[in-house]
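Please take a look at the model below.

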Amino acid sequence: MSASLIDRGAAAIAAAVQAGESTPAAVWTEAVGRLDASHAGPDGINAVVHRASLPATSASTGALAGVPVAIKDNLATFDLPTTCGSRILEGWVSPYEATAVRRLREAGALVVGKANMDEFAMGSSTEHSCYGPTRNPVDRSRAPGGSSGGSAAAVAARIAPIALGSETGGSVRQPAAFCGIVGVKPTYGRVSRHGLVAFASSLDCVAPFGRTVDDAALALEVIAGHDPLDATSSDRPVPAMRVGEGRLDGVVIGVPREYFPASLDPRVRAHCDRALDALRARGATVREVSLPHTELAIPVYYILAPAEASANLARFDGVRYGLRVPADGVQAMYGATRAAGFGPEVTRRILLGTYVLSAGFYDAYYRKAQEVRALITRDFDAVFADGVHALFTPTTPGPAFALGAISDPYEMYLSDIYTVTANLAGLPGLSLPIGRLEGLPVGGQLLAARFDEPTMFRVAYALEAALGPEAHR
Amino acid sequence: MAVTPEDVRHVAALARLTIPETQLAGYVEQLNGILGHMDALQRVASAGAAQAADDAAEGMRLRDDAPGAIALNAQPEAFAPAVRDGFFLVPRLATHEDAGEGA
């Protein structure tokens, strides 16, 4: 096998394996070698926290034949622990497998391991994990973003061309931006959530990373589609995502002014301007638009997501899963187990979510947030109804921050400011590299109307091709 | 609507979380800090918006009320300490002592 086969992307690996020019075992050896090298030493990236073995039999057919993939630790797998980066699920192995994982395996993919994450997907830095922080492969003193930081780092370290993460408020697009790769949040309902440990069920999506737009599109094609095991999964046909690069004549790109405030780092703005120029050069029309309720997205998200989490995480009580701390009586056992099993960020969000749902505060917080969520959704609907095909924004206000640099919870929440809106509105979104700032990747975000991933990918392929190596400078 | 230590104790009890007294003040401060940012929502006229969105939504799809086919890596019997006639047997609950023959 060529030493660079993994670097040529998922489709090239599958083609080589299908043609008999390589074997799953040979690709596996290369992936494991990279995993070992990147995880060695005190500054190892700590991206993969449960390592897999090469399956006894590996298909040499399928769209992902022989393709190494990393799976976020909140997606259920038969053969590896599923712990959500939490002590409370330490050692727990699921008796069933997530639909998205099953579809990857059926397409021939090789799961190399489970990837580190912020505990129960609550975080934006992958520092809140019982396994310790993941380091950004681009600069190991920096956070990889989160909560799917382990999956992003595995792709950025070229262990695998594809990884699965999950999105509740930007947990794939933000780490993709920080690590200089591609992250895709599908439309809510496009990919089954069966086997994804629930955080906030009205927002959660299984979401792929790719080193390139084509890797990510291929992964989404494989995992998308209706699943009777998820009542919120859409039965709409899955269109082709691998639309390839081409001209953008007739495509209208909206630039929402609320995502480009005066406080935005001018260097991030300059990278965005360069990307917009590249889209114009491909034939697109660029138009300023307004999404007036954008500034309210973070308050809405940090009411609704903790509220849903406080209900979803009630099941982790020492009875059904993982950790149990013995105490005098069942109520004391519940309290002691949950106190010992959950870390401080999860505890904080459970308290917050329980508070906003409690008697006397429900209308002021939860109901109000649901109403404003509807207004945010309406803003997007109006823009797309007015002839805009896709929106372009920065993915994050700035590049990867240093590990340990942010201790204030709300300041950390603000790193999701440009990504949470797509989750609240159920839209597809994609982050791709558009340049570097002092050596650190900067991501550009594309958003499209619900179930219009093909348009989003059409713009993404064109932008990636137009920027070329500039996307990594 | 400032959060008090008593509020944190109350929601911690609702959430079945044992919060040590030494950590209480920290959570009070953090929740007040976070909720202070939520006050911006109160300035927005939004009445009825959520209902309109619900009315326009596609809604949850129904499926046949039939047993699902979730592939398991073990037989269901493996998930319970004892099984009889396809049912999981559980220890008799103290409050049900008069309810008849138990497991």
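A:Leu391 stands opposite A:Leu447 in strand E11 of chain A. This is a predicted model, in which local features need pLDDT of at least 70, side-chain atom pairs count only at pLDDT 80 or more, and totals for chains, interfaces and linings use all residues. Residues are numbered from 1 along each chain as its sequence is written, while chains are lettered from A and ligands numbered from 1 in the order in which they are written.

**Strand E11 and its partners**

Helices (H or I, at least four residues) and strands (E, at least two) are DSSP runs, numbered from the N terminus. Two strands pair if DSSP finds at least two bridges between them. Strand E9 (residues 390-394) of chain A is joined to E11(A) by five bridges, and the two run antiparallel. Strand E10 (residues 429-437) of chain A is also antiparallel to E11(A), with eight bridges. There, A:Ser431 has A:Gln445 as its bridge partner. E10(A) and E11(A) form a hairpin with two residues between the strands, where A:Glu438 takes a positive phi near 50°.

How much of E11(A) is buried? Eight of its nine residues are. A residue is buried if 20 or more other C-beta atoms lie within 10 Å of its own, exposed if 12 or fewer, and partly exposed in between; C-beta atoms are placed from the backbone.

The peptide bond from A:Gly146 to A:Ser147 is cis, with omega near 15°.

**Helix H10**

Helix H10 of chain A covers residues 344-357. The expected span of a helix is 1.5 Å times one less than its number of residues. For these 14 residues that gives 20 Å, and the end C-alpha atoms are 20 Å apart, so the two agree. Of the 14 residues, 11 are buried, so H10(A) is largely enclosed by the rest of the structure. Among them are A:Arg349, A:Gly353 and A:Tyr355.

What do the buried residues of H10(A) pack against? On chain A, they meet helix H8 (297-312) and helix H11 (362-385). On chain B, they meet helix H1 (5-14) and helix H2 (21-38).

**Where the chains meet**

Two residues are in contact if their C-beta atoms, placed from the backbone, lie within 7 Å. By this test, 38 residues of chain B touch 40 residues of chain A. On the chain B side, H1, H2 and helix H3 (49-56) each give two or more residues. H2(B) gives the most, with seven. That side has 26 nonpolar, eight polar and four charged residues. Here Ala, Val, Leu, Ile, Met, Phe, Trp, Tyr, Cys and Pro count as nonpolar, Asp, Glu, Lys and Arg as charged, and the others, Gly among them, as polar.

**The nonpolar core**

In soluble globular proteins, nonpolar side chains tend to be buried together. A nonpolar core is a set of buried Ala, Val, Leu, Ile, Met, Phe, Trp, Tyr and Cys residues joined through C-beta atoms within 7 Å. The largest one has 173 residues, of which A:Val69, A:Val112 and A:Ala154 touch the most other members. H8(A) gives the most to this core, with 10 residues. Not counting residues up to four places away in sequence, A:Val69 touches residues including A:Leu104, A:Val112 and A:Ile162.
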